Amino acid sequence: MPSPRIAARALILRDDKLLLVNAYPAGQSDLWCAPGGGVEKHTSLPDNLIREVREETGLTILVGAPALINEFHDPDLNFHQIDIYFRCDITSGELSSDWCDPEGIVSERCFFSRTEMAHIAFKPDSLPDAAWGDTLLYDPLERLIKPTGA
């Protein structure tokens with residue numbers, strides 16, 4: 001069994017709205033998540049996160065304290081991922097409709113209020129509590145959601 005994959009993700013609030021991305025190419029799913037992604041060896045979690053957020057959104061960020069550790073898993077697929085969510089601030093850039101994720105994964109980027117999040121699909125379930133809270137949360141072994149039609 002392979003080791004769990006590690007990912008770093010950003011909790012970015014602007015005007016009391018959380019930045020989320022749709023990380024399924026060509027609209028395969030309506031599921032939203034915080035920007036970020038897998039870490040590369042020999043690079044710090046914050047440096048990985050700065051790179052991932054830049055690729056997915058075009059924004060430059062300052063990485064702050066951790067807010068959430070979440071584990072996604074799917075025993076049927078032998079998949080286990082540990083996501084570490086950090087509180088982050090935008091230092092430069094604006095969301096632009098012509099920004100293109102160089103890896104072609106992120107198809108949309110949008111800021112959502114906590115109220116608006118009640119009407120969209122997102123993961124992890126603890127995301128709003130982490131984004132608008134002030135403590136470090138741990139969310140163990142949440143089942144992985146497969147894209148629609150997968």
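Five bridges join strand 2 to strand 7 (residues 108–112), and the two run antiparallel. Strands here are DSSP runs marked E of at least two residues, helices are runs marked H or I of at least four, and both are numbered from the N terminus. Two strands pair if DSSP finds at least two bridges between them.

Keep in mind that this is a predicted model, where local features need pLDDT of at least 70 and side-chain atom pairs count only at pLDDT 80 or more, while totals for chains, interfaces and linings use all residues. Residues are numbered from 1 along each chain as its sequence is written, and side-chain values use heavy atoms, with hydrogens and water left out.

- Strand 2 is mostly covered, as five of its six residues are buried. Buried means under 20% relative accessible area, exposed means over 50%, and partly exposed is in between (1.4 Å probe, protein chains only).
- In a regular strand, side chains alternate between the two faces of the sheet.

- Asp15 sits in the loop between strand 1 (5–14) and strand 2 (17–22), and with 70% relative accessibility it counts as exposed.
- His42 has a phi near 65°, which is a positive value in a residue other than glycine.
- You'll find His42 in the loop between strand 4 (36–38) and helix 1 (45–57). His42 counts as exposed too, at 83% relative accessibility.
- Now look at Lys123 and Pro124: a cis peptide bond joins them, with omega at about -5°.
- Pro124 belongs to the loop between strand 8 (121–122) and helix 3 (127–132).

**Arg9, a buried arginine**

- Arg9 is part of strand 1, and at 11% relative accessibility it counts as buried.
- What does the side chain of Arg9 reach at 3.3 Å? It reaches the backbone oxygen of Gly36.
- A polar atom of the Arg9 side chain also lies 2.9 Å from the backbone oxygen of Ala34.
- Both belong to the polar contacts, meaning pairs of N or O atoms within 3.5 Å; within protein, one must be able to donate a hydrogen and the other to accept it, and residues adjacent in sequence count only if both atoms are side-chain atoms.
- Leaving out residues up to four places away in sequence, Arg9 touches several others, including Cys33, Leu49, Asp83 and Phe86. Contact here means heavy atoms within 4.5 Å.

**Cysteines without a bond**

- A disulfide is a covalent bond between the sulfur atoms of two cysteines.
- How many disulfides does a search of the whole structure find? The search finds zero, where a disulfide is a pair of cysteine sulfur atoms within 2.5 Å.
- Cys33 is in no disulfide, and its nearest cysteine sulfur, that of Cys110, is 13 Å away.
- Cys88 is in no disulfide either, with the nearest cysteine sulfur, that of Cys33, 14 Å away.
- Is each of these cysteines buried or exposed? Cys33 counts as buried at 15% relative accessibility, and Cys88 is buried with a relative accessible area of 4%.
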